[in-house]
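Q: Please take a close look at one part of this model. Then set that part against the rest of the chain.

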Amino acid sequence: MKKDIDHSQRSHAILSASGAVRWLNCPPSALMEAELPDTSTEYSRAGTLAHEFCDINLKEYFQYMSKSVCTRNRNKFRKEESYSQEMEEHAKGYLDYVIEKIKDEDAYVLAETKVDFSGYVPDGFGTCDCIIIQNDTLTIIDFKYGVGVKVSAENNPQMKLYALGAIDMFSEVYDFDKVEMCIYQPRLNNIDECISSVEEIVVWGEKVVRPTAELAINGKGEFKGGDYCHFCKLSAKCKHLCQHNMEVIKDEFKDESGTLSTACLTPNDYAMILERMKLVKNWLTKVEDHVIHGILNNELEIPGYKVVEGRSIRKYRNADEVANRLINNGYEESVIYEKNLLSLSKLEKVLGKKTFTELLSDMVDKPKGKPTIALATDKRPSYTLDVDFEDVS
C-alpha cells in the first residue's frame with residue numbers, strides 16, 4: 001500500500017494547482033511568491049486536520065487501511081488544538097457524499113492521490129482528495145473546509161489542473177470521455193458540480209496553461225491585480241493590486257467626457273462598489289498589518305506615521321489567586337463568582353452535534369440574522385422586515 005500523505009507536510013510546486021488562479025492571471029507573481037515563507041494560521045491548521053479525518057474515513061470505508069490504524073489515528077487527531085466534534089461530523093458528511101457519487105459497483109475509487117500535470121506545468125503536481133472512475137466518467141472531488149469564500153467548480157483552474165493530471169495518469173487504462181469536478185464545502189452548505197469533456201480540458205491545458213506556465217516559471221508576463229489576489233503573499237506590498245483597487249472604482253464614475261456623471265451615487269454605482277468592496281477592504285487590512293509589522297521590526301519607516309499602543313482590556317494574572325485572596329479577606333464565593341451556562345457553540349462542541357440536537361433542539365431559538373448584502377444569485381431568500389400591522393378592519 002502506498003505511503004500515507006501527511007497533510008501538514010505537503011510540498012507545494014512553485015506553480016501549484018491551489019495557486020493557479022493567481023499565476024494564470026498574473027504570471028510573474030509566482031516566482032516572487034515562492035521566495036516568501038508559507039505561514040500557518042488557525043484556519044489553515046483546522047483545514048488540514050479536517051482533511052485528515054476525511055482521508056481516514058475514505059480509507060476505512062474502502063478498506064485501504066485497517067480499522068485499528070484508523071482508530072489510532074482518529075484518537076491522535078482528537079488531541080489537536082484545532083479539533084472539534086463538528087469537524088468529524090463534516091468528514092462523515094464528506095464520506096456520505098463520496099458514496100452517493102458511486103453508481104457502478106465496479107467503480108475505481110482513490111483517496112488522497114498525487115497527480116502529475118508536469119506535461120503542462122513545469123514540475124506541476126497536486127493532491128486530489130478523491131478520484132472516482134466509473135463508466136465513461138472521471139470524477140474529482142475536492143473537500144473545502146473554509147468559510148471565507150464560497151468555491152465554485154465551474155471553470156475552477158485548480159480542479160482542471162487536477163483533471164489534467166488524472167487524465168494523463170488513467171486515460172491509457174480506463175476509457176472515459178467526461179470529467180466531473182465537484183466541490184464539497186460543508187460549512188457553507190456548498191456542493192457545486194460541473195462536467196466537461198476530456199477534450200475541452202486538454203485543449204485548455206495546451207492553449208492556456210502551457211504557454212502561461214512557461215511565462216510564469218521564467219518570471220515573465222504582465223502583473224495584473226484582481227479578486228484572485230486575496231490569498232497572494234505579495235498583496236500587502238503589490239503596486240499592481242494597489243493600482244487596481246485605486247483605479248477600477250474611480251474610472252467607473254466618469255462619463256465619456258472624463259467628468260463625474262452625476263453628483264450622487266446611482267444604483268449602478270452602488271452595485272459596482274459592492275462588487276469590489278470585499279477585495280478593497282481585505283487589501284487595506286493586509287496593508288495595515290504589513291506596515292505595523294514592518295515598523296515594529298525596523299524593516300519599514302513610513303513618513304509621518306508611527307506605531308502606538310492601542311486600546312487593551314485588563315485581565316487577571318491568575319484568577320485562582322485572585323479568588324483565594326478575596327475569600328481569605330472575608331468575601332463569599334457567591335459574591336465573587338457567576339454561574340453561567342456554556343455558550344451554544346461550546347456546548348455543542350462538548351456534547352457533539354447529534355446529541356445536542358437530540359436533547360436540546362426544541363429549547364434553542366435562532367433569531368433572525370443581521371441584514372447583509374449578497375449577490376442576486378445567492379440561494380438564500382431575500383431579507384424581509386418583521387412588521388406587525390394593526391387590524392384596522
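A: Asn 268 counts as exposed because its relative accessibility is 66%, and the cut-off for exposed is over 50%. This comes from a predicted model. Asn 268 sits in helix α9, which spans residues 267-296. Ala 111 is 157 residues away from Asn 268 in sequence. In space, their C-alpha atoms are 47 Å apart.

Glu 80 is another case. Its relative accessible area is 42%, so Glu 80 is partly exposed. Glu 80 belongs to the loop that links α4 (67-77) and α5 (85-101). Arg 45 is 35 residues from Glu 80 along the chain. The C-alpha atoms of these two are 9.6 Å apart.

Now the interior. In soluble globular proteins, nonpolar side chains tend to be buried together. Here, the largest nonpolar core holds 38 residues. Trp 23, Val 121, Ile 131, Leu 138 and Leu 161 have the most contacts inside this core. Several elements each give two or more residues to this core, among them α1 (20-25), β1 (108-116), β2 (125-134) and α7 (198-217). Helix α6 gives the most, with eight residues.

Take Leu 138 as an example. Leaving aside residues up to four places away in sequence, Leu 138 touches Ile 131, Ile 132 and Ile 133, among others. Its contacts also include Ala 163, Ala 166, Ile 167 and Phe 176. Lys 178, Val 179 and Glu 180 touch Leu 138 too.

There is also a second, separate core, with 27 residues. Leu 49, Ala 50, Tyr 83 and Ala 107 are among its members.

Terms used. Residues numbered from 1 in each chain as written. Predicted model: local features only at pLDDT ≥ 70, side-chain atom pairs only at ≥ 80, totals over all residues. Heavy atoms only, no water. Core = buried A, V, L, I, M, F, W, Y, C linked by side-chain atoms within 4.5 Å. Buried < 20%, exposed > 50% of the residue type's maximum accessible area, 1.4 Å probe, protein only. Helix = DSSP H or I, 4+ residues; strand = E, 2+ residues; numbered from the N terminus. Contact = heavy atoms within 4.5 Å.
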